[in-house]
Amino acid sequence: MRAAIHRRYGPPEVLRIEEVPMPSVGRRDVRVRVHASTVTSGDARLRAARTAAIFALPIRLAFGLRGPRRPIPGMEFAGEVEAVGADVTRFRPGEAVFGIVTRGANAEYLTVRDDAAIVPMPPGLTHAEAAAVPFGALAALVFLRDVARLVPGERVLVVGAAGGVGVFAVQIAKHLGAHVTALCSAENAALVRGLGADAVIDRRAGPNGASAGGFDILLDTVGETRFAEWRAALAPRGRHLFLSFGLGEMVRMVLTSVGHGPRALCGFVANDPAALAGIAEMLAAGVLRPVIGSRYRLDDIVEAHRHVDSGRKRGSAVISLIDPC
Ligand SMILES: NC(=O)c1ccc[n+]([C@@H]2O[C@H](COP(=O)([O-])OP(=O)(O)OC[C@H]3O[C@@H](n4cnc5c(N)ncnc54)[C@H](OP(=O)(O)O)[C@@H]3O)[C@@H](O)[C@H]2O)c1
């Protein structure tokens, strides 16, 4: 099968397309013929081993010291079950599925365990649309519902609202009953309003664009906000959520966990099958709409990574492995 491969960390040019053996199917495995995958900000970070200093060693210990132990990148996938192991009862060959893994989805075939984050594809979606969902929607759902414990009526500011996580944060915050303000560049204002944002702040305005005490939750998807600078924009019991964070934010989280006043919160999102099933239900109910900002073929993987590295990605950058997908 054909797959994107990188054997060392570095710029997009470390990526190649190679012919590699098909992944084998163990007793509890599901082999998926991948129709569509994506390049997420997480894939681009891992390709470059680009991380906050405090995570540099742990990331290399987990993924490979000099280069990735598992050389095929790609987290999100949608496709058709091609084969199942002897003990698999949840899936059947021919079934349309989508999901998220840590590595390996930028390939024609992918093997995942049947209890991993893989679920039937909701009707009415294309493979490209389904592949564009798990990474951003899981992060948005977990941070807003579980970390911030958003309650209806709260005022939410989403920073980076047009990105892979942001487009779902706007929609999920609205679905959970929030008043949503989106912070993004002017050319993305119409996109985020179309997703349900009640108000939009131009990215160039920064904290000056926000009224004092105006927000109960500030969800920063891009690591652009500092707690001290934005503190005045938060309500007394406000929560400042950091998806991209380093030692400074972790210290803030500890310091603000005691006493009164706004809190800093950060954490990692797991590829949780139950949360993904909830997202599939939201897709089926029409609560969530995928946003595909750009499309590539597998052969254009380097170009796709360059685009993600630009920091100007809108929604998802989809990789088609079968046309049309
Ligand atoms: N903690 C976790 O478990 C977890 C989970 C998922 C993701 N993440 C992290 O979350 C981050 C965001 O992921 P993503 O997939 O949403 O990224 P992305 O899709 O690459 O974000 C691109 C968007 O960021 C916006 N942006 C860039 N610079 C900005 C700035 N200075 N101010 C405001 N907006 C800016 C751009 O919007 P405009 O052009 O409109 O400005 C662009 O649309 C990544 O660092 C990722 O690693 C963490």
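Which residues have the most contacts inside the largest nonpolar core? Let's take a tour of this predicted model and find out.

## The main nonpolar core

The largest nonpolar core has 57 residues, and those with the most contacts inside it are F98, L144, V156, F168, V170, I279 and L288. Helix α4 (residues 134–147) supplies the largest share of this core, seven residues. The core also draws on two domains, with at least three residues from each of domain 1 (2–133 + 290–320) and domain 2 (135–266). Apart from this core lies another one, of 26 residues, with V34, I301, A317 and I319 among them.

Leaving aside residues up to four places away in sequence, L288 touches A137, F168, Q171, I172, I279, M282 and L283.

## Helix α4

Now have a look at α4 itself. Of its 14 residues, 10 are buried, so α4 is largely enclosed by the rest of the structure. The buried residues are P134, G136, A137, L138, A139, A140, L141, V142, F143 and L144. After α4 comes R149, which has a positive phi, near 50 degrees.

## Where α1 meets α10

Two packed helices are described by the angle between their axes and the distance between the axes. For helix α1 (residues 41–48) and helix α10 (residues 301–309), the axes come within 9 Å and cross at roughly 100 degrees. That angle makes α1 roughly perpendicular to α10.

On the α1 side, the contact involves S41, D43, A44 and R47, which meet H305, V308 and D309 in α10. By type, the residues of this contact divide into two nonpolar, two polar and three charged.

Definitions and conventions: Residues numbered from 1 in each chain as written. Predicted model: local features only at pLDDT ≥ 70, side-chain atom pairs only at ≥ 80, totals over all residues. Heavy atoms only, no water. Axes fitted to C-alpha atoms, helices over the stretch in contact; angles between N-to-C directions. Helix = DSSP H or I, 4+ residues; strand = E, 2+ residues; numbered from the N terminus. Parallel < 35°, antiparallel > 145°, perpendicular 65-115°, else oblique. Contact = heavy atoms within 4.5 Å. Nonpolar A, V, L, I, M, F, W, Y, C, P; charged D, E, K, R; others polar. Core = buried A, V, L, I, M, F, W, Y, C linked by side-chain atoms within 4.5 Å. Buried < 20%, exposed > 50% of the residue type's maximum accessible area, 1.4 Å probe, protein only. Domains from an automatic or database assignment.
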